[in-house]
Amino acid sequence: MSGIWAVKNDEDNGQVKFQRLSTISQQVEFTEIMQSLGNDVITEPDMTLEEKIYGLAPTRTNVEKATEYMQGRLEQAFKKAGLAYEPEVKFGLGADGSLQIYGDRSDMEKVKSLFEKDTGLADDMKTFIGFADAMPQYMRMLEYQIKYENAKTDAERRALDEEYSDLFDGKDHYDTTCTFSSEGLSAQSEFIE
């Protein structure tokens, strides 16, 4: 078993040693950090969000960077269109992959019109929702892989396969809704059976 290892300075003599991370959560966090290093969501100003995140793992760090980018895009577009950030606007993806826009606003038709006219903004929003939607499953897969590697018996491995069976059934078990308001952009994912 190889395990996940971290560098530790020995306090007594200043030597560097490798130390096995002791908990699953530490190992998941370390793996996520390592997979996010050197990744920069924002590279070129004329790139679409899809081009900016191509090849990046949907780690928390990368989704946070994409959130900052998308929030800036929304703020700029709303300001240019003369739309207030309040009341909040919610975004989701339909079963056909279409962008769903809803909220309790008197100017909701203007908000929808903004996305109909600016197809680049709409495409970026769909890409963002898909990226944010992939994060919980990705993190769950990391957790499964690390627990599986740490399992000592076949019985433990079979129990893990059962516990994490949703990862292997070919279904999307997360529904993500994004909310944009004066407080910024946030994404909430809900596990569905």
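The largest pocket of this predicted model is lined by Gly-92, Leu-93, Gly-94, Ile-129, Gly-130, Asp-133, Asp-172, Tyr-174, Asp-175, Thr-176 and Ile-192. On a 1 Å grid over the protein atoms alone, a pocket is an open set of points where a 1.4 Å probe fits, with protein on both sides within 12 Å along at least five of seven lines, and lining residues have an atom within 4 Å of a point. About 180 Å³ of space lies in this pocket, where the volume is the space filled by probe spheres set on the points, and grid points are joined across faces, edges and corners. Its lining divides into four nonpolar, four polar and three charged residues; in this division Ala, Val, Leu, Ile, Met, Phe, Trp, Tyr, Cys and Pro count as nonpolar, Asp, Glu, Lys and Arg as charged, and the others, Gly among them, as polar. At least two lining residues are supplied by each of β3 (89-93), α5 (119-150) and β5 (174-181).

Residues are numbered from 1 along each chain as its sequence is written. In this predicted model, local features need pLDDT of at least 70 and side-chain atom pairs count only at pLDDT 80 or more, while totals for chains, interfaces and linings use all residues, and side-chain values use heavy atoms, with hydrogens and water left out.

The protein chain has six helices and six strands, which follow one another from the N terminus as β-β-α-α-α-β-β-α-α-α-β-β; helices (H or I, at least four residues) and strands (E, at least two) are DSSP runs, numbered from the N terminus. Of the 193 residues in the chain, 37% are buried, where buried means under 20% relative accessible area, exposed over 50%, and partly exposed in between (1.4 Å probe, protein chains only). Among contacts (heavy atoms within 4.5 Å) between residues at least 6 apart in sequence, 55% join residues at least 24 apart.

Four strands make up an open sheet in the order β4-β3-β5-β6, with antiparallel pairing; two strands pair if DSSP finds at least two bridges between them. Because β4 (99-102) and β6 (184-191) each have a single partner strand, they stand at the edges, and one side of each is left without a neighbour in the sheet. From one strand to the next, the twist averages 25°, with axes taken as lines fitted to C-alpha atoms, for helices over the stretch in contact, and angles running from 0 to 180 degrees between N-to-C directions.

Within this sheet, β3 and β4 pair in the antiparallel sense over four bridges, and Leu-93 stands opposite Leu-99 in β4. These two strands form a hairpin with five residues between them, in whose turn Gly-97 has a positive phi of about 85°. Most residues other than glycine have a negative phi, and most peptide bonds are trans. In the loop between β3 and β4 lies Ser-98, which counts as partly exposed because its relative accessibility is 23%. Not counting residues up to four places away in sequence, Ser-98 touches Gly-92, Leu-93 and Lys-126; the C-alpha atoms of Ser-98 and Lys-126, which are 28 residues apart along the chain, are separated by 7.7 Å.

The pairing of β5 with β6 is antiparallel and extends over eight bridges, with Ser-186 in β6 as the bridge partner of Thr-179, and a hairpin joins the two strands through two residues. Ser-181, also found in β5, is buried, with a relative accessible area of 10%. Leaving aside neighbours within four places in sequence, Ser-181 is in contact with Tyr-85, Glu-86 and Glu-88. The peptide bond from Glu-86 to Pro-87 is cis, with omega near -10°, and Pro-87 lies in the loop between α3 and β3.

Helix α3 (residues 60-81) lies across β3, β5 and β6 and runs at about 125° to β6. Helix α5 likewise packs on the sheet, touching β3, β4, β5 and β6, and its direction makes about 130° with that of β5. Lys-80, found in helix α3, is exposed, with a relative accessible area of 78%, and its C-alpha atom is separated by 10.0 Å from that of Leu-114, 34 residues apart along the chain.
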